[in-house]
Amino acid sequence: MAVSLIIKWGGQEFLITTLSEEDTVLDLKQSLKGLTGVLPERQKLLGLKIKGKPAENDVKLGSLKLKPNTKIMMMGTREESLEDVLGPPPDNEDVVNDFDIEEEVVEVENREENLLKISRRVKEYKIEILNPPREGKKLLVLDVDYTLFDHRSCAETGIELMRPYLHEFLTSAYEDYDIVIWSATNMKWIEAKMKELGVSTNANYKITFMLDSAAMITVHTPRRGLIDVKPLGVIWGKFSEFYSKKNTIMFDDIGRNFLMNPQNGLKIKPFMKAHLNRDKDKELLKLTQYLKEIAKLDDFLELNHKHWERYLSKKQGQ
């Protein structure tokens with residue numbers, strides 16, 4: 001059963017109709033993050049109670065017995081400026097607390113409830129195509145924070161926090177791949193960062209489209225509980241004539257983002273402390289060569305991206 005809610009926040013009302021009774025409070029918060037820019041951990045939803053107590057993140061919406069178009073008040077603030085994104089931070093908990101997906105024994109990839117969530121994203125999530133998909137090209141999906149950009153170190157401009165060889169990497173990749181940006185933040189910040197880095201205006205390559213946190217889904221894992229992931233099935237469902245498991249690769253510094261598509265993910269070394277590592281980080285330079293090598297293949301499913309450096313070394317030694 002579909003759930004319809006009206007969320008009041010900051011003098012505005014948001015109608016939520018894309019969730020079901022099987023979705024959780026955290027799924028609701030994730031949807032609200034996409035609409036408002038307020039992170040789930042900053043959100044307080046007044047009126048969502050179960051047995052007289054505030055509903056925890058893992059509570060299913062169906063168990064709350066909500067009437068259609070129930071009005072919920074949300075409290076919480078979002079980041080106020082780009083400087084806040086570029087400013088100095090606490091340690092990055094995501095990187096520190098990440099885990100190798102092979103440690104997670106349960107298969108979440110084919111669980112029915114997760115596939116239903118992907119189907120809803122395919123149906124409801126709106127993608128703005130910046131440049132049309134190109135026939136015969138493979139697909140490269142890129143995270144932003146700590147993958148292309150050190151978003152938590154101090155700097156006067158975003159360029160100072162850009163990962164070395166970024167534009168050379170994207171220029172080379174564009175010869176064989178359509179490029180998609182997918183960040184677990186609000187689209188406003190993704191667009192601001194891409195503009196700041198000169199990615200969205202570069203004449204040597206084009207971005208096909210960008211995805212934000214609202215395209216992600218929440219899955220349950222026995223050891224880690226509820227986590228947000230980036231299911232490539234959303235892209236494959238919307239662009240099945242161009243992209244599939246066979247021709248897609250995704251770079252992210254957080255391995256758990258690959259849980260719904262582990263064979264397509266390459267866990268990149270995080271780019272942090274840019275002022276110290278700017279002159280010695282060559283990750284994108286080496287990955288440029290890896291992408292060029294595997295672009296020759298018809299099917300990526302035989303690859304193990306965990307061993308990409310070994311694969312590259314072997315090819316270059318031939």
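Which residue in the hairpin of β1 and β2 takes a positive phi? In this predicted model, the residue is Gly10, with a phi near 55 degrees. The hairpin has 2 residues between its strands. Strand β1 covers residues 2-9 and strand β2 covers residues 12-20. The two run antiparallel and are joined by 7 bridges. One of the bridge pairs links Trp9 to Gln12 in β2.

Strands of a sheet pair through backbone hydrogen bonds, and the pairing can be parallel or antiparallel. Here 4 strands form an open sheet with mixed pairing, and their order is β2-β1-β6-β3. The edges are taken by β2 and β3 (44-46), and each has a single partner strand, so one side of each has no neighbour in the sheet. On average, neighbouring strands are turned by 35 degrees against each other, with direction ignored. Helix α1, residues 25-36, packs on this sheet and touches β1, β2, β3 and β6 (70-75). The direction of α1 makes about 135 degrees with that of β2.

Helix α9 spans residues 283-294 and helix α10 spans residues 308-317. Their axes are 10 Å apart, and the angle between the helices is about 65 degrees. That angle makes α9 roughly perpendicular to α10. The crossing of α9 past α10 is left-handed. On the α9 side, the contact includes Leu287, Tyr290 and Ile294, and on the α10 side it includes Trp308, Tyr311 and Leu312. Charged residues also take part, among them Glu283 and Lys286 of α9 and Glu309 and Lys315 of α10. By class, this contact has 6 nonpolar, 2 polar and 5 charged residues.

Definitions and conventions: Residues numbered from 1 in each chain as written. Predicted model: local features only at pLDDT ≥ 70, side-chain atom pairs only at ≥ 80, totals over all residues. Heavy atoms only, no water. Axes fitted to C-alpha atoms, helices over the stretch in contact; angles between N-to-C directions. Parallel < 35°, antiparallel > 145°, perpendicular 65-115°, else oblique. Left-handed = near helix turned anticlockwise from the far one by under 90°. Contact = heavy atoms within 4.5 Å. Pairing = 2+ DSSP bridges.
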